[in-house]
Amino acid sequence: MTGGQVSGALLFTRYAYPPNALGYCGPDASRQLLEQVSAGQDDADLRHLARGFEGAWPYLELIAAANGIGDPLDARVVEAYWLGNALLDHVPVAMTGRSLDDRFRVRVGRSWSRLAEEIPGAQPHHSFHVFGVYPWVGLLREGRHDEPLRVLNRCRIRWGKVVEVTGERALVLSRPLEWDGRVLREGAPRLEQVVTAVDGLGLAGTVAPGDWCSLHWDWVCERLDRPRLVALRSRSARQLSAVNALPFSAPASVLA
């Protein structure tokens, strides 16, 4: 099965928990989410909580509908959104645009149409939401660098290689985003400390030096095999290139 032999609901929670624990999105149930994913407990409660993530859930619905899949928490759909897979290629650009219009046009007025119409290559992948829908690229172009870059790096799903594990922390070698005054790009590899567990409860199970892992905010979400690592890298690069190519300031800057 996709996602390291876990259900779609558990796979979703692996990635949704880190921002939820910080209070950024989803229902007020971070301890329950962590306990259930750590125990591998997929039930009706977990699926109900997943629907409370208003940022991610419409993307899951979009990917599922475009591929004729009845369950937005199908593991293939969840993997497509967080990491990337072939399901994304079956979502028409116009369908993505309509979904974005339905969700955001009322908040920003007529200027929103540029996002739906002028991002060739945009797909309903989490990195598109981070790079294209968040306002951070616009802030970078206004000269505000440190905080936008920190948020972009933490909010995107990134990847890294485990170098050392000590207790419930790990040192991981990853490539942060950098801003060159015009576009975002990957910088040189550097070490960062991430969380593998709290009070014995973790998202990814045991990790060891040499493992490639996905990272969201301060957490290791799961170990990645080679195909899924390649998918995450390539799908993220595609969305980064699409947003970097925009002729206007980040569309989401109008959301501020």
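User: Which cysteine has the sulfur nearest to that of C155?
Analyst: C155 takes part in no disulfide. The nearest cysteine sulfur is 7.8 Å away, and it belongs to C25.

User: Before we go on, which atoms do the side-chain values use?
Analyst: This is a predicted model, and local features need pLDDT of at least 70, side-chain atom pairs count only at pLDDT 80 or more, while totals for chains, interfaces and linings use all residues.

User: Is C155 buried or exposed?
Analyst: Buried means under 20% relative accessible area, exposed means over 50%, and partly exposed is in between (1.4 Å probe, protein chains only). C155 has 5% relative accessibility, so it counts as buried.

User: And C221: which cysteine has the closest sulfur to it?
Analyst: C221 has 0% relative accessibility, so it counts as buried too. Its sulfur is too far for a bond because 9.3 Å separates it from the closest cysteine sulfur, the one in C213.

User: On to charges: how many salt bridges does the count come to?
Analyst: In general, side chains of opposite charge can pair when their charged atoms come close. The rule used here asks for a side-chain nitrogen of Lys or Arg within 4 Å of a carboxyl oxygen of Asp or Glu. With that rule, the number of salt bridges is 14.

User: How many residues apart are E222 and R14?
Analyst: These two side chains meet in a salt bridge, 3.0 Å from N to O. E222 is in strand 9 (residues 219-223) and R14 is in helix 2 (residues 8-21), so the pair links distant parts of the chain. Helices (H or I, at least four residues) and strands (E, at least two) are DSSP runs, numbered from the N terminus.

User: Which residues are linked with R14 and E222 in a network of salt bridges?
Analyst: Both R14 and E222 are buried. The network joins them with two other residues, E79 and R228.

User: Which residue forms a salt bridge with R31?
Analyst: The closest N and O atoms of this pair are 3.7 Å apart. R31 counts as partly exposed because its relative accessibility is 41%. The residue that pairs with R31 is D199.

User: Where is D199, which has a positive phi?
Analyst: D199 isn't a glycine, yet its phi is about 55°. With 61% relative accessibility, D199 counts as exposed. Its place is the loop between strand 6 and strand 7.

User: Is W217, another residue with positive phi, buried or exposed?
Analyst: W217 has a phi near 50° and is a residue other than glycine. You'll find W217 in the loop between strand 8 (212-216) and strand 9. Its relative accessible area is 5%, so W217 is buried.

User: How many residues of helix 9 are buried?
Analyst: Helix 9 covers residues 126-133 and is mostly covered. Among its buried residues are H126, F128 and F131. The count of buried residues in helix 9 is 8 of its 8.

User: What accessible area do V163, L173 and L191 have together?
Analyst: These residues form a nonpolar patch on the surface. Patches take residues with over 30% relative accessible area and no salt bridge, joining like charges within 9 Å and nonpolar side chains (Val, Leu, Ile, Met, Phe, Trp, Tyr) within 5 Å. Areas come from the Shrake-Rupley method with a 1.4 Å probe, and for residues only the protein chains shown count as cover. Together the three have about 250 Å².

User: Which strand is L173 found in?
Analyst: L173 is partly exposed, because its relative accessible area is 36%. The element that holds L173 spans residues 169-174 and is strand 2.

User: What separates the C-alpha atoms of R175 and P189?
Analyst: R175 lies in the loop between strand 2 and strand 3 (177-179). Along the chain, R175 and P189 are 14 residues apart. Their C-alpha atoms are separated by 4.3 Å.

Notes:
Residues numbered from 1 in each chain as written. Heavy atoms only, no water. Disulfide = S-S within 2.5 Å.
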